[in-house]
Amino acid sequence: GNNINQFSKGFLWGGAVAANQCEGAWNVGGKGISIADVATAGALDKHREYTDGVIEGKYYPSHEAIDFYHRYKEDIALFAEMGFKCFRTSIAWTRIFPNGDEIEPNEEGLKFYDNLFDECLKYGIEPVVTISHYEMPYALVEKYGAWRNRKLVDFYVNYCKVIFTRYKDKVKYWMTFNEINVVSLHPFISAGIKIKDGEKREEVCYQAAHHQFLASAKAVKLGHEINPDFKIGCMILYPLVYPETCNPKDVQAANEMMDKHYFFSDVQVRGYYPSKMKRYFEINNINIHMEEGDEEILRAGKVDFIGFSYYMSLVATSKTIKGDNTTSGNMLGGVENPYLKASDWGWQIDPEGLRISLNNLYDRYQVPLFIVENGLGAVDKVEEDGSICDDYRIDYLRKHIIEMKKAVTIDGVDLVGYTPWGCIDLISASTGEMKKRYGFIYVDKDNEGNGTLKRYKKKSFYWYKNVIATNGEEL
Ligand code: BG6
């Protein structure tokens with residue numbers, strides 16, 4: 001039996017990546033161009049550029065990435081050596097439907113994921129699959145305006161039908177859209193949308209979100225028909241927001257910020273739009289086009305679990321922000337938290353916030369939770385003997401696991417598993433950098449694309465291996 005003071009025996013320890021950030025081979029095996037393939041390299045202080053198509057002479061980090069496409073056997077062997085129980089990756093939509101609107105899938109792409117999943121299963125590693133992780137077909141952007149267009153729902157559902165049918169005996173855990181709540185912050189990487197002059201940004205983004213909600217709900221229903229054992233989740237970026245002070249005005253500001261994110265999980269978990277957001281749309285004259293039957297579709301496609309990413313917490317204030325107290329790298333905004341330290345990219349590190357987040361989500365929804373991303377992006381140094389001493393990463397993960405354990409053993413949260421982000425170094429989504437590393441495994445490659453791509457085990461590799469071996473008892 002299970003000891004209530006420990007993680008359950010079947011707890012899914014593992015690691016997470018996304019196809020576009022690790023596979024490379026961007027035009028191999030019949031793959032089409034994805035939106036990630038038109039993103040140039042940036043930095044903390046330099047935005048990535050999203051070009052109109054692939055332009056010769058520009059550097060696109062996803063094109064080679066860490067060449068996981070050709071090296072997955074070697075990499076999965078390393079995951080197995082760490083004792084992974086599961087491995088979260090995504091399917092590149094463009095390997096299956098190069099342009100997104102074909103009727104028939106690309107067999108070579110399907111075969112690649114057959115091989116990849118078989119390789120995982122060979123070691124008893126359960127694949128956890130994100131269906132769309134910031135990598136929709138670029139042709140859908142050009143031809144249809146991406147998720148602005150309701151036609152995308154059918155294309156997405158057709159894609160799901162193909163992969164659900166093909167992998168029904170290999171994959172059980174699915175997530176429909178990575179960080180679906182990011183759409184208004186990053187409309188392009190999340191929904192292929194570039195806001196045009198004169199457009200109402202929020203209206204465009206929430207319309208796209210409505211289409212993704214429909215697509216997700218239809219996928220959930222279809223998936224359960226294809227295999228009733230499927231566990232299909234949503235995936236949200238969980239931004240824990242604190243009020244700056246106990247001034248009720250700050251508390252209200254924090255709540256308002258959270259509401260914008262809870263909106264997404266509310267719809268996907270409960271199956272209907274929360275009244276508060278409906279009022280928000282009315283008050284702000286945001287018109288979402290809905291069709292008859294949409295409400296029924298949402299109700300029929302409630303997710304089985306919540307997958308979420310957790311990297312940091314934020315602070316909301318009712319005061320006007322002057323600019324000097326905002327955290328530099330925080331793509332989510334907010335002011336600095338004097339009790340916390342930030343990563344080199346300005347993300348405020350908050351292990352206790354993970355316990356709070358798990359409680360917030362579980363109290364609100366009462367469905368199983370899955371931490372599918374967490375980790376520290378940091379610069380690593382390779383010593384002359386090839387070793388990498390990433391104590392800072394171990395420290396970050398250890399503290400988060402301690403709090404996660406409290407949420408499970410003291411607070412009784414139903415947690416399925418834990419997959420730290422970028423278990424092998426990969427391309428950063430926000431900056432396109434290589435030097436922002438998360439991995440237990442180092443990959444020899446730099447920001448400009450130079451390097452041998454050779455893999456090295458970091459100190460954290462051995463540490464995490466022991467964490468898994470002891471089921472989280474030795475941290
Ligand atoms: C999440 C994404 O936002 O955070 C990942 O789902 C991403 O794709 C991760 O890589 C870490 O962010 P970054 O910008 O450091 O790569």
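## Contacts across the chain

Residues 24 or more positions apart account for 74% of the contacts in the protein, counting contacts with a separation of 6 or more. This is a predicted model.

L12 gives an example of such contacts. It lies in strand 1, which covers residues 12–16. Leaving out residues up to four places away in sequence, L12 touches K85, C86, E126, V416 and G417. The C-alpha atoms of L12 and P420 are separated by 11 Å, although the two residues are 408 residues apart along the chain. L12 is buried because 23 other C-beta atoms lie within 10 Å, and the cut-off for a buried residue is 20 or more.

## Overall size and make-up

The protein has 14 helices and twelve strands. Its C-alpha atoms fill a box of roughly 60 × 55 × 50 Å along the principal axes.

How does the radius of gyration fit a compact globule? For 475 residues, a compact globule would have a radius of gyration near 23 Å. The protein has 21 Å, which agrees. Of the 475 residues, 47% count as buried.

Two packed helices are described by the angle between their axes and the distance between the axes.

Start with helix 2 (residues 68–82) and helix 4 (residues 107–122). They pack at an angle of about 20°, and their axes are 10 Å apart. Angles under 35 degrees count as roughly parallel, so helix 2 and helix 4 are roughly parallel to each other. Their crossing is right-handed. Y72, K73 and I76 in helix 2 meet L116, E119 and C120 in helix 4. By class, this contact has four nonpolar, no polar and two charged residues.

## Helix 6 against helix 8

Helix 8 spans residues 201–226, and its axis comes within 9 Å of the axis of helix 6. The two axes cross at roughly 25°. That makes helix 6 roughly parallel to helix 8. The crossing is right-handed.

Which residues of helix 6 meet helix 8? They are L152, V153, Y156, V157, C160, K161, F164 and T165. On the side of helix 8, the partners are H211, L214, A215, K218, A219, L222, G223 and I226. By class, the contact of helix 6 with helix 8 has eleven nonpolar, three polar and two charged residues. An α-helix has 3.6 residues a turn, so residues three or four places apart point the same way.

## Helix 12 against helix 13

Helix 12 (residues 351–365) and helix 13 (residues 391–409) have axes 7 Å apart, packed at an angle of about 30°. Helix 12 and helix 13 are therefore roughly parallel to each other. Here too there is a label for the crossing: right-handed.

From helix 12, the residues in the contact are P351, E352, L354, R355, L358 and N359. From helix 13, they are K399, H400, I402, E403, M404, K406 and A407. By class, the contact of helix 12 with helix 13 has six nonpolar, two polar and five charged residues.

Q268 lies in helix 9, which runs over residues 248–270. Is Q268 buried or exposed? Q268 counts as buried, because it has 27 C-beta neighbours inside 10 Å. Leaving aside neighbours within four places in sequence, Q268 is in contact with F213, S216, C234 and V303. Q268 and N471 are 203 residues apart along the chain, and their C-alpha atoms are separated by 31 Å.

Helix 10 (residues 275–283) is hardly covered. Among its nine residues, the count of buried residues is zero.

## Positive phi angles

N285 follows helix 10 and has a positive phi, near 55°.

Y134 is not a glycine, yet its phi is positive, about 55°. It sits in the loop between strand 3 (126–130) and helix 5 (138–144). Y134 is buried, with 26 other C-beta atoms within 10 Å.

A146 is not a glycine either, and its phi is positive at about 55°. A146 is found in the loop between helix 5 and helix 6 (151–166). With 24 C-beta neighbours inside 10 Å, A146 counts as buried.

Conventions:
Residues numbered from 1 in each chain as written. Predicted model: local features only at pLDDT ≥ 70, side-chain atom pairs only at ≥ 80, totals over all residues. Axes fitted to C-alpha atoms, helices over the stretch in contact; angles between N-to-C directions. Helix = DSSP H or I, 4+ residues; strand = E, 2+ residues; numbered from the N terminus. Parallel < 35°, antiparallel > 145°, perpendicular 65-115°, else oblique. Left-handed = near helix turned anticlockwise from the far one by under 90°. Contact = placed C-beta atoms within 7 Å. Nonpolar A, V, L, I, M, F, W, Y, C, P; charged D, E, K, R; others polar. Rg over C-alpha atoms; globule rule 2.2 N^0.38 Å. Buried ≥ 20, exposed ≤ 12 C-beta atoms within 10 Å, placed from the backbone.
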